[in-house]
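Keep the sequence and the structure side by side while you read.

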Amino acid sequence: MLYYLLSCIYFFGPAYLANASPPLIYKIDMLKGLGKPIDRGAKLNNEPILGDHKTWRGVISEAVICTLLTPAFIWIHNLLGLTHYETIGFYAYNQINGFLLGFLLSIGIVFGDLAFAFIKRRLKLKPGAKFIPFDQTNYVIGSFLVLQPLLQLNLSFWLWLFVLTFLIHVLFNRIGYNLGLHNAKW
């Protein structure tokens, strides 16, 4: 069971790292020109569509990092003779272009993040307000919607990934909060 859980984490590793990148990119002041809100400040029913914290810098950093890391994870997997992908039931990883898989994964994580930002604004929740468990797992849900039709993994994989991501996210957000990278502990 432990190897299965580690395999879930390994598969989603590029997404975890990509999801963590926007606050770091912001903190080190990279891609400054892309720090503009995706919704350009537009409103729907007098509420922001996404909010000024959802920027092109975040979307692009997530997409680039996830797209580049996924083939690296596949290469390391093959180099070390690991069986993480097979353990979760993903046997086609050598038959799909790693960059394409990374790009599709990045679409999923960005879609999940933006969709739940949109939902939070409709619920009149401010950026940083608690929306547990979706603040921690929105990118798993988005990835499920984008990747599941293509990969057709077992539903238990996605459920375990949802739970693991929640726990990992809470842990790392607390670390990020203590380092001054996040405004919220959750």
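N45 is exposed, because its relative accessible area is 67% (exposed means over 50%, buried under 20%, partly exposed in between, with a 1.4 Å probe and protein chains only). This is a predicted model: local features need pLDDT of at least 70, side-chain atom pairs count only at pLDDT 80 or more, and totals for chains, interfaces and linings use all residues. Residues are numbered from 1 along each chain as its sequence is written, and side-chain values use heavy atoms, with hydrogens and water left out.

N45 sits in the loop between β1 and β2 (47-48). Its phi is positive, about 55°, although N45 is not a glycine. N46 lies in the loop between β1 and β2 too. Phi of N46 is near 70°, again a positive value in a residue other than glycine. N46 counts as exposed, at 66% relative accessibility.

Now step back to the chain. It has six helices and two strands (DSSP runs, numbered from the N terminus: helices are H or I of at least four residues, strands E of at least two). Along the sequence the pattern reads α-β-β-α-α-α-α-α. The radius of gyration is 17 Å, close to the 16 Å of the globule rule for 186 residues, so the chain is as compact as a globular protein of that length. That radius is taken over C-alpha atoms, and the rule is 2.2 Å times the number of residues to the power 0.38. Of the 186 residues, 42% count as buried.

Next, look at a helix pair. Two packed helices are described by the angle between their axes and the distance between the axes. Helix α1 (residues 2-27) and helix α2 (residues 56-80) pack at about 145°, with axes 8 Å apart. Axes here are lines fitted to C-alpha atoms over the stretch in contact, and angles run from 0 to 180 degrees between N-to-C directions. The contact (heavy atoms within 4.5 Å) includes Y10, L17 and I25 of α1 and I65, L69 and F73 of α2.

Which residues does L34 touch, not counting those up to four places away in sequence? They are T55, W56, R57 and I60. L34 itself is in the loop between α1 and β1 (43-44). L34 counts as partly exposed, at 29% relative accessibility.

Finish at a proline. The peptide bond from I132 to P133 is cis, with omega near 5°. P133 is found in the loop between α4 (98-122) and α5 (134-151).
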